[in-house]
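Good morning, colleagues. Please turn to the sequence and the model, and I shall take you through the ligand site and then a few features of the backbone.

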Amino acid sequence: MTDLSVFPINQKWPAQRPDVLQLYSLNTPNGVKVSIFLEETGLDYEPHLVNFEAHDQLSSAFLSLNPNNKIPAIIDPNGPNGKPIELFESGAILIYLADKTCQLVPASAAERYETIQWLMWQMGGIGPMFGQLGFFNKFGGKDYEDKRPRDRYVAESKRLLGVLNQRLEGRAWIMGDTYTIADVAVFPWVRNLIGFYEAGDLVGINDFPNVIRVLDVFLARPAVKRGLLIPSR
Ligand SMILES: N[C@@H](CCC(=O)N[C@@H](CS)C(=O)NCC(=O)O)C(=O)O
């Protein structure tokens, strides 16, 4: 049996099944990328809830795994060369898991890099920009009289949705017929923009019919439905 006791995070969130991948997360748009991947592929794992209301992400145990105090993070007891590996940043985790399972990433080198390109596009664009729009539309920034910061993120979000809409023209998924980690990264954020951030009308979401079409198909997948609820609060 794998010994995870050397990892300080194991003191706060003890592994019941130390032989399987340990997921430390919350079902936010970044968190569910990993739980959706795991549900899609069937890789066995044990989820642990990182409770933001209790500021778990700032605990010394969590910081020992991710000094950047953000979910998601993992420990895979069966990492490269059979040794445990710790990882944070959802994009890095998705690439690692796709390589480990040979699932949700194309086998050909060119298509693999193209998939990673769109994954990075989500990490550097969709995530940060939609996140800022959420702040200015729904949370702390919504009471600011000056609407220029909000409008800046509305414009950038619209631009990104336009790029995605064009990419999805005539395609079932971002990589065509193949469902990949790029879709797993992008669509939880589109869902969040319309739902939790209540910014669908603000960005004119109906102007992006391909985005809505693929989002609907994504959300209908049984593994996505399950992953969106993991870890349960
Ligand atoms: N680039 C990071 C972003 C992760 C991130 O922002 N996580 C948020 C939840 S969606 C978080 O942990 N927030 C807690 C905090 O800021 O204290 C990733 O993709 O993993």
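Let me begin with a term. On a 1 Å grid over the protein atoms alone, a pocket is an open set of points where a 1.4 Å probe fits, with protein on both sides within 12 Å along at least five of seven lines, and its lining residues have an atom within 4 Å of a point. The model is predicted, so local features need pLDDT of at least 70 and side-chain atom pairs pLDDT 80 or more, while totals for chains, interfaces and linings use all residues. Numbering runs from 1 along each chain as its sequence is written, and side-chain values use heavy atoms, with hydrogens and water left out.

The largest pocket has 37 lining residues, and those nearest its centre are Thr28, Pro29, Asn30, Phe52 and Tyr197. Two or more lining residues come from each of helix H2 (29–41), helix H5 (109–137) and helix H7 (181–194); helices here are DSSP runs of H or I with at least four residues, and strands are E runs of at least two, numbered from the N terminus. H5 contributes the most, with seven residues. The space in this pocket comes to about 1100 Å³, a volume being the space filled by probe spheres set on grid points joined across faces, edges and corners.

Which side chains make polar contacts, that is, pairs of N or O atoms within 3.5 Å? An oxygen atom of the ligand lies 2.6 Å from an N or O atom in the side chain of Ser90, and an oxygen atom lies 2.9 Å from one in the side chain of Gln57. The protein covers 76% of the 520 Å² of accessible area that the ligand has on its own, by the Shrake-Rupley method with a 1.4 Å probe.

I turn to the backbone. Most residues other than glycine have a negative phi, and most peptide bonds are trans. The bond from Ile71 to Pro72 is cis, with omega near 5°, and Pro72 belongs to the loop between helix H3 (60–65) and strand E3 (73–76). A cis bond also joins Ile230 to Pro231, with omega near -5°.

Key:
Polar contact = N/O pair within 3.5 Å; in protein donor to acceptor, adjacent residues only side chain to side chain.
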